[in-house]
Amino acid sequence: MLGEYVGSEQYARLLQRGQHSPERWLQFDAARMQADYNRRPFLVNHRLNEHPMFGIDALFDLARRLPARQVKFRRGDIAPDADFDASFARSGDGLTLEHLLAQFEPLHGYVCLNNPEQDALYRPHIESLLAELAAHTHPLDPHITWYSTYVFISAQGAVTPYHMDREMNFLLQIRGEKTVDLWDPSDPFIMNPAQKDRLLAYEGARPPYRPEFEERALHFSLRPGLGVHHPFIAPHRVWTHSNLSVSLAFTFRTRQSDRDTAAHQFNARLRRLGLKHPKPVGDSTWRDGAKALSLHALQRLRHPLHPAGH
Ligand SMILES: [Fe+2]
């Protein structure tokens, strides 16, 4: 899996640093965080559009430096009915990263950089942001256990279709504009309990989009200095406009979201055993905790040498 786990000692150091850092790249509003974090999506402020490491030239240099497996790229002037995955350039397709970067806007380029934190030059900057993030989330959701970041760069008109991820996210717009539609992950019309259990147990396809969802979409218009919080597994859809767009996705999990994930996975097991309606995750903290512990105990029985949950 992409991303990195954060141990207890590392988290304590990050939190300490985030709470005392003179730098304030993330300017999240404490009252808004208190009211809405992980309950509903909301806009946040940041200053990453002023950060020298997130200028387009620095990011193109990063794209050239990262291992090829961490750089997904494609030209955007492709047939609208082209297969999305097949549209990414592969060796032999004739499009090189260097050519795309040199002709980025004429070719309507799209680049996704996976895990810039693995680059020696970017790691300290991403860790500083992680420290700031921990300082904001700690009072509400202590202990980040895992994180993974992505930089999206597109010349124009890039679309990311409806889907949901198995974590929380702050999507921070650095350059250009982007529209993000989000849906309430606790709305059973959008995702029912069985769909959520199966999503987190990696069983089958992700819960699908239906046109009836449109009237329940929450729309967010992002510009440089704005971001939007995605609560845990909140469905979303993203598109960029007619200008060069750069954004950073800061995705993460916490002890609480790990417990919820394990409780969903336990429910998925109960469903496989024939139980039609296990109690939904989210109704009772103690029951979810007990399910998470039971799942970890079962995993230890099966794989005694592996740490629980990993
Ligand atoms: Fe996503």
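Start by displaying the second largest pocket, which has a volume of about 720 Å³; a pocket here is an open set of points on a 1 Å grid over the protein atoms alone, where a 1.4 Å probe fits, with protein on both sides within 12 Å along at least five of seven lines, and its lining residues have an atom within 4 Å of a point. Select Asn38, Phe232, Gln256, Asp260 and Gly282, which among the 26 lining residues are the closest to the centre of this pocket. Then colour α2 (30-36), α7 (255-272) and α8 (285-302), each of which gives two or more residues to this lining, with α7 giving the most, five residues.

Before going on, note that this is a predicted model, in which local features need pLDDT of at least 70 and side-chain atom pairs count only at pLDDT 80 or more, while totals for chains, interfaces and linings use all residues. Residues are numbered from 1 along each chain as its sequence is written, and side-chain values use heavy atoms, with hydrogens and water left out.

Finally, select the iron ion, whose protein donors (N, O and S atoms within 2.8 Å of the metal, or 3.2 Å for Na, K and Ca) are His163 (NE2), Asp165 (OD) and His236 (NE2), lying 2.2 Å from the iron ion. His163 counts as buried (under 20% relative accessible area, with a 1.4 Å probe and protein chains only) because its relative accessibility is 19%, whereas Asp165, at 24%, is partly exposed, a class that lies between buried and exposed, the latter being over 50%.

Methods. Grid points are joined across faces, edges and corners, and a volume is the space filled by probe spheres set on the points. Helices (H or I, at least four residues) and strands (E, at least two) are DSSP runs, numbered from the N terminus.
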